[in-house]
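Please keep the viewer open and follow along from topic to topic.

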Amino acid sequence: MILTPQSLEALRGQLVVSCQAYPGEPMRDPRTTGQVAASAVIGGAAAVRVQGLADVQHTRAAVEVPVIGLWKDGHDGVFITPTLRHALAVANAGAHVVAIDGTRRSRPDGLTLAQTVAGIHAESHALVMADCGSFDDAAAAVEAGADLVGTTLSGYTGERPKTSGPDLDLLRDIAAADFGVPLIAEGRIHTPAQARQALDAGAFAVVVGTAITHPATITGWFAGALK
Ligand SMILES: CC(=O)N[C@H](C=O)[C@@H](O)[C@H](O)[C@H](O)COP(=O)(O)O
């Protein structure tokens, strides 16, 4: 299956589940990622998002739905699929969509976002999701040729406050601009009601990660409530 901008339409109004375990965690195993992704699909995920080349490969084998892949390298600055080399590796691992840093910050390989998107399009069949941190990022990412824009980095780049839930104001602003590419709500969507709010704010689809697939954090929420 090759995902085209047209076939993305199947994701409209749908839930995407991000399945990520972090370095050193007990669930940090690509096979586990594939199993978690398959479980999410049983629950109704229309697509999944996974981090790491082996995770993309295992997840492609484990599910039939589109796989959004990324490669996190580091923790600060531009770390979500930071270079064209990272992005092409994610595409070659089998991702239908490659999620990359979609901010206006300079990139470690010195390429512009437009050059990075063009390189991915030229050398793979993957679509490009730009993980943005602000309205200006989203506008620039659309200009650069991104196929989808996400609010993934809102609250993490200094341009937007880190809201406790989703950044609904940012979603509304980007939706109102009507850039013509799918707007993906991602980041701190912790309840079904918030997922609904994100769609109502104008998102095309909603990505939920931690609240579905990160048991250590979810357990901490419950444990904290009992203190
Ligand atoms: C900022 C950053 O590094 N975000 C990452 C992007 O892939 C993941 O760590 C998040 O879990 C993902 O965006 C989903 O968000 P949430 O887990 O809040 O539902």
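Predicted model: local features only at pLDDT ≥ 70, side-chain atom pairs only at ≥ 80, totals over all residues.

**Helix packing, barrel and salt bridges**

Helices α1 and α2 pack with their axes 8 Å apart, at an angle of about 40°. Residues are numbered from 1 along each chain as its sequence is written, and side-chain values use heavy atoms, leaving out hydrogens and water.

**The α1 and α2 pair**

- The crossing of α1 and α2 is right-handed (the near helix is turned clockwise from the far one by less than a right angle).
- From α1, the contact (heavy atoms within 4.5 Å) takes in Pro 30, Arg 31, Thr 33, Gly 34, Ala 37 and Ala 38.
- From α2, the contact is made by Ala 54, Asp 55, His 58, Thr 59 and Ala 62.
- By class, the contact of α1 with α2 has five nonpolar, four polar and two charged residues; Ala, Val, Leu, Ile, Met, Phe, Trp, Tyr, Cys and Pro count as nonpolar, Asp, Glu, Lys and Arg as charged, and the others, Gly among them, as polar.

**The α3 and α4 pair**

- The axes (lines fitted to C-alpha atoms, with angles from 0 to 180 degrees between N-to-C directions) of α3 (residues 84-92) and α4 (residues 113-123) come within 10 Å and cross at roughly 30°.
- That makes α3 roughly parallel to α4.
- Leu 84, Ala 87 and Leu 88 of α3 meet Thr 116, Gly 119, Ile 120 and Glu 123 of α4.
- The residues of this contact divide into four nonpolar, two polar and one charged.

- Eight strands (DSSP runs of E, at least two residues) form a closed barrel with parallel pairing, in the order β1-β2-β3-β4-β5-β6-β7-β8.
- From one strand to the next, the twist averages 25°.
- β1 (residues 15-19) and β8 (residues 205-208) pair in the parallel sense over three bridges, and pairing requires at least two bridges found by DSSP.
- Val 16 has Val 207 in β8 as its bridge partner.

**Salt bridges**

- The structure holds eleven salt bridges (a side-chain nitrogen of Lys or Arg within 4 Å of a carboxyl oxygen of Asp or Glu).
- One of them joins the side chains of Arg 28 and Asp 55 (3.0 Å, N to O).
- Arg 28 lies in the loop between β1 and α1, and Asp 55 in α2, 27 residues apart, so the pair links distant parts of the chain.

Terms used
Helix = DSSP H or I, 4+ residues; strand = E, 2+ residues; numbered from the N terminus. Parallel < 35°, antiparallel > 145°, perpendicular 65-115°, else oblique.
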